[in-house]
Amino acid sequence: SYNSGILQIHDGNYSGALSSLSNTKCNYNLALVQVLSDKLSEAAKNLECAPENAEVFYLMAVVGARQNNNTMVYDNLKKAIKADSKYKAEAAADREFIKLFGSAEFDAIVK
């Protein structure tokens, strides 16, 4: 059912994906569909125990932005960029962080 859940994410069937991934824990794809379903606290819990990599840190920064937690955004963006520098340019243009555009701390991270 895991693979079915991944396909459902791509099809925009988030409730189906959540159901298919319900036996999964500490997983990036589960956290992604939780973010897309506005289940931010659940997504953060899954990301906290997921294997650490740039994607996980970046999605955690998105969760922080949606929760208006700037510390979470900044800490995780730094980690994501350190793990993969491509996230610097991505974050600089990502509308998820629009409220932070122009702030000194955000600019210091993405410039």
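By a sulfur-to-sulfur cut-off of within 2.5 Å for a pair of cysteines, the count here comes to one disulfide. Before you start clicking: this is a predicted model, where local features need pLDDT of at least 70, side-chain atom pairs count only at pLDDT 80 or more, and totals for chains, interfaces and linings use all residues. Residues are numbered from 1 along each chain as its sequence is written, and side-chain values use heavy atoms, with hydrogens and water left out.

**Stop 1: the disulfide**

Select Cys-26 and Cys-49, which the disulfide joins with an S to S distance of 1.8 Å. Look along the S-S bond: at -95°, the link of Cys-26 and Cys-49 is left-handed. Now show the cartoon (helices are DSSP runs of H or I, at least four residues, and strands are E runs of at least two, numbered from the N terminus). Cys-26 sits in the loop between α2 (14-20) and α3, while Cys-49 is in helix α4, so the pair links distant parts of the chain, 23 residues apart. For surface exposure, buried means under 20% relative accessible area, exposed over 50%, and partly exposed in between (1.4 Å probe, protein chains only). Cys-26 counts as partly exposed at 27%, and Cys-49 is partly exposed too, at 41%.

**Stop 2: the salt bridge**

Next, pick Glu-96 and Arg-66. They form a salt bridge, with the closest N and O atoms 2.7 Å apart; the rule asks for a side-chain nitrogen of Lys or Arg within 4 Å of a carboxyl oxygen of Asp or Glu. The structure holds one of these. This pair also links distant parts of the chain: Glu-96 in the loop between α7 and α8, Arg-66 in helix α5, 30 residues apart. Glu-96 is partly exposed at 27% relative accessibility, and so is Arg-66, at 35%.

**Stop 3: the cores**

Which residues touch the most other members of the largest nonpolar core? Select Tyr-58, Val-63, Leu-77 and Phe-97, out of its 30 residues. A core here is a set of buried Ala, Val, Leu, Ile, Met, Phe, Trp, Tyr and Cys residues joined through side-chain atoms within 4.5 Å. Colour α3 (28-36), α4 (40-49), α5 (54-66), α6 (70-83), α7 (86-93) and α8 (104-110), the elements that give two or more residues to this core. Helix α5 gives the most, with 10 residues.

Now centre on Phe-97. Leaving aside neighbours within four places in sequence, Phe-97 is in contact (heavy atoms within 4.5 Å) with Tyr-58, Ala-61, Val-62, Ala-65, Val-73, Leu-77, Ala-91 and Phe-106.
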